[in-house]
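Take a look at the chain shown here and keep it in view while reading. The questions below can be worked through one at a time.

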Amino acid sequence: MASVSVVKVTKSSVRKRIVSGKTKYCGLTSKEEGATEAATMSGHTLPCCKIGPSILCADLSCLADECRKMIHSGADYLHLDVMDGHFVPNLTFGHPIVKCLRPKMPDIYFDMHMMVQNPEKWVESMADAGANQYTFHIEACEDIPALCRKIQESGMRVGVGLKPGTPVETILPYSDLFDVVLIMTVEPGFGGQSFMEDMMSKVQYLRTNFPYLDIEVDGGVGPNTIDAVAEAGANMIVSGTAITGASDPSQVIALLRNSVENAIQKSQLER
């Protein structure tokens, strides 16, 4: 039988249950889940490894089943790419899909990657649909502090994404407003691009200067590139076809996790 421990979260006075090493939030609304996650992850705890398959690369004709398959294969969260045809040239899905998925998987963490113009427009809709994390692109936002406050007040974690051409220094004036920084290792909007290893200098900079920050990497990440990502210091790993297209997704997820956890352990020993 799995051991169960309960800890108090001071910000939201709700309880977090840890079962077999995985975090589950019990009896909470999606907004409370987001607030709880923000409270626990913004403390002085070194970030842990989290693997998030990109469901855009899955079979969208049976999306709920594909999402369940990813979680059963060992994924920690699901990464949902929202594209509006303006910020990026492609068009995907929006909050109605999230709202349909949420009742079918009430305990799963939804990380919304908002590749959209005017990202402030969709905060309330995504929160109401059940999203847990709202990651906007800094290139699409004019009033960053106001948007971060709006996301926080909605109960979601705040993520900010940087396109490959955006210097990491761009986010420094606002670093205390984010829970997650997403470093894109491909140009956003298209699948199947080659991994840009030179983006790892951004990850290294962030890990050195913000040791408690969740750093997410998205784009071309798989078994052949994970070591570079892990050694640079990323702990949230988005992977698309490498996982969803694998004959055994659980094996790929385990390989990615092993690389990241080994890198985290090594970095802790070197401190």
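What follows is a set of questions and answers about side-chain contacts in this predicted model.

Q: How many aromatic pairs does the structure hold?
A: Rings count as a pair if their centres lie within 6.5 Å. By this rule the count is two.

Q: Is the pair formed by Tyr77 and Tyr109 stacked or edge-to-face?
A: The centres of the rings of Tyr77 and Tyr109 are 6.4 Å apart. Planes over 60 degrees apart count as edge-to-face. The planes of Tyr77 and Tyr109 are at 90° to each other, and the pair is edge-to-face.

Q: How many residues apart are Tyr77 and Tyr109, which link distant parts of the chain?
A: Tyr77 is in the loop between helix H2 and strand E5. Tyr109 is in the loop between helix H3 and strand E6. Both residues are buried.

Q: What is the angle between the planes of Phe136 and Phe178?
A: Phe136 and Phe178 form an aromatic pair, with 6.5 Å from centre to centre. The pair is edge-to-face, a class for planes over 60 degrees apart. The angle between the planes of Phe136 and Phe178 is 65°.

Q: Which parts does the pair of Phe136 and Phe178 tie together?
A: Both Phe136 and Phe178 are buried. The two residues are 42 apart in sequence, so the pair ties together strand E7, where Phe136 lies, and the loop between strand E8 and strand E9, where Phe178 lies.

Q: Over the ring of which residue does the charged end of Arg102 sit?
A: A charge sits over a ring if, among other conditions, CZ of Arg is within 6 Å of the ring centre. For Arg102 the distance to the ring centre is 4.0 Å, and the ring is that of Phe110.

Q: At what distance from the ring centre of Phe87 is Lys163?
A: For Lys, the atom that counts is NZ, and the limit is again 6 Å. Lys163 lies over the face of Phe87, and its distance from the ring centre is 5.2 Å.

Q: Why are Asp65 and Arg68 separated by about one helical turn?
A: The side chains of Asp65 and Arg68 form a salt bridge of 3.0 Å, N to O. Asp65, at 49% relative accessibility, counts as partly exposed, and so does Arg68, at 30%. The separation is about one helical turn because the two are three residues apart in helix H2.

Q: In which helix is Arg257, the partner of Asp76?
A: Asp76 and Arg257 meet in a salt bridge of 2.9 Å, N to O. At 27% relative accessibility Asp76 counts as partly exposed, whereas Arg257, at 17%, counts as buried. The two are 181 residues apart: Asp76 is in the loop between H2 and E5, and Arg257 is in helix H9.

Definitions and conventions:
Residues numbered from 1 in each chain as written. Predicted model: local features only at pLDDT ≥ 70, side-chain atom pairs only at ≥ 80, totals over all residues. Heavy atoms only, no water. Phe/Tyr/Trp six-rings, centres within 6.5 Å; stacked < 30°, edge-to-face > 60°. Helix = DSSP H or I, 4+ residues; strand = E, 2+ residues; numbered from the N terminus. Buried < 20%, exposed > 50% of the residue type's maximum accessible area, 1.4 Å probe, protein only. Lys NZ or Arg CZ within 6 Å of the ring centre and 35° of its normal. Salt bridge = Lys/Arg side-chain N within 4 Å of Asp/Glu carboxyl O.
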